[in-house]
Amino acid sequence: MAIEITRSRKYSLVVSTPVMPAAGAFGFADSYRAMIDYEKLGALVTNPVTIDAWNPAAGTRTVPLDAGLLLHTGLPNPGLRKVIRRYRKTWSNLPIPVILHLAGTSVQHVSQAVNLLDEVDEVAAVELGLSDDLTEGEALALVCAASKLEKPLLVRLPFYECYQLALPAAEAGADALVLTAAPRGTARDAHSGRLVSGRIYGPLIKPMILRLVGRLRREVAAEVPIIGCGGIHSPQDARDYIDAGAIAVQVDTATWAQPKMLERISRDLGGWIATRRKDALLDEWNPDMGHTEALQRRAPAPRANDLGK
Amino acid sequence: MRESQAYIERIKRVNRQYQRLELAVHQSLTSVLAGQALLARRIEKDFESERWDPYLRKLWFPVDLHAGNLLTIELSAHEQFSPGELLSIIGPIGQPFRFRQKLRNILLIANQTTPAPLLMMLPSLLKRQVSVTMVLMGEARAYDTSHLPGEVEIIHAEDDLSWNDMVMTLGWADQVFAACDPGDELRHFADILRLMRERRNDVPLNYAFGVFQRTLPCGVGACHACVLNLRGAQKLQCVDGLAFDLTTLRMN
């Protein structure tokens, strides 16, 4: 099955299944290779990368919450050049396309990154992460700078500014919108007794982002695909996003709690989408089913009177 | 490293404060060594009814390994477990402790935390006739040591973290391993390193190690929530740790 998850242009990204890890959940390359069959995934989205190296956040970085967690890592990474040098060979050996998540910091940095990434064939697409504190003008300038890339450009929108930025980002050159980055929140760390701010993850954020996906699907031009991301913890969660109008989904912290869940969601959703396309019932689906066979299977069963004749 | 299932085979109360769980684990976990840990999470028998509270896995340090794929974990007696409970385990996490080849005397320090991360090394060290001294600081002084091997010398530190014959103990030790309260680990490790520097001529490389017990969201090096700044490099607690040379750590 081939699913085009970015706008149809000169460069577009086609994946075999519409499930991939979210940026920040899966490392830069093969952290989960021993536990997850990468061939079952649609793509790999790397951890956020900046043009220069970033240090980890000081103080508490993880606060456990009821059915979730608050995370504040500070996006530590060794810088784009080192990331490319370290992981390029591994990326080339992966059976799935690699989407590099570029943290949008400044127009100058994004332009530098675009120049570097155009030369890296192992990166199939770039996901630009827009931070929460950007104005609309700043965000659009970043998207414009990134759209010069000769690869598909996905733009991950911040949770709170999602409505304001979605349409302008699509018009500025985004080939797909990723909705959304995890919302920010504040919680008290039981160990240190201090308040910690960071991103909130867990099943509870899914209903909020699902609503955004549904609403923006109606407002954003149909040719711009939307990828749902946030709070997916079961195959049904992923199906809900597809029903709401997403073309694909990104799974975040569920992978940490249950690594096999990502693979399971991927297998389920791949089959489910293929079934829907062929207009077959779930138990009638098989990966090699043709349209004619699907129609034959859906023909009404003969009545008892007919059988007697 | 892999994800596997285990179940609680037996629960033994070792003293008023602590219990020991004997886990029947997958074959792959029988290679776990002192210094490595497990990330554990209770699971339901029926995969579909998965509950997400608590969400994150707990960092458990094995304290013993028995024949028949049995791994012993020491936990607070306040936590409720029952035999037969199913667990999902990711491990082994991290790298084993690296001991000096000519190790004769070792000093273990537990500051404001249980010494469980340091206990798995005891049987093998005592078998090699290494002299083991354990210093309990702060709240760790309340730790009941009656179940530990009699050969381990136990010292209870004063409120200012000092103890009798401190200069001699630190000079005598070939290596030091310390575990601290995960809430403010870097500050506690900095305190311990300062104590050593005040009482020794120098603190050489590979002498003083801190065992980190911070929450590990993923345990495989994916989330980068456990990155530590070492001199000249960033290291991951879950992949390169869990113990790091205190002299190479940037404490700020």
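Reader: What ipTM does the predictor give the complex?

Author: The model is predicted, and the scores come from the predictor. For chain B, the average pLDDT is 89, and 97% of the residues score at least 70. For the complex, the predictor gives a pTM of 0.88 and an ipTM of 0.86.

Reader: Which elements of chain B give two or more residues to the side that touches chain A?

Author: The contact between the chains takes 32 residues from chain A and 25 residues from chain B. On the side of chain B, these residues divide into six charged, six polar and 13 nonpolar. The elements that give two or more residues to this side are β1 (2-13) and β13 (227-230) of chain B.

Reader: Which element gives the most to the side of domain 1 of chain B that touches domain 2 of chain B?

Author: The domain assignment of chain B gives domain 1 (2-93) and domain 2 (105-248). Their contact takes 18 residues from domain 1 of chain B and 18 residues from domain 2 of chain B. On the side of domain 1, the elements that give two or more residues are β3 (37-42), β5 (62-66) and β7 (86-93) of chain B. With three residues, the element that gives the most to that side is β5(B).

Reader: How many nonpolar residues does that side of domain 1 of chain B have?

Author: The centres of domain 1 and domain 2 of chain B, taken over C-alpha atoms, are separated by 23 Å. By class, the side of domain 1 that touches domain 2 has four charged and three polar residues, and its nonpolar residues number 11.

Reader: Which are the edge strands of the open sheet of four strands in chain A?

Author: The sheet has the order β5-β6-β12-β11 (chain A), with antiparallel pairing. An edge strand in this sheet pairs on one side only.

Key
Residues numbered from 1 in each chain as written. Chains lettered and ligands numbered in written order. Predicted model: local features only at pLDDT ≥ 70, side-chain atom pairs only at ≥ 80, totals over all residues. pLDDT = per-residue confidence, 0-100. Contact = placed C-beta atoms within 7 Å. Nonpolar A, V, L, I, M, F, W, Y, C, P; charged D, E, K, R; others polar. Pairing = 2+ DSSP bridges. Domains from an automatic or database assignment.
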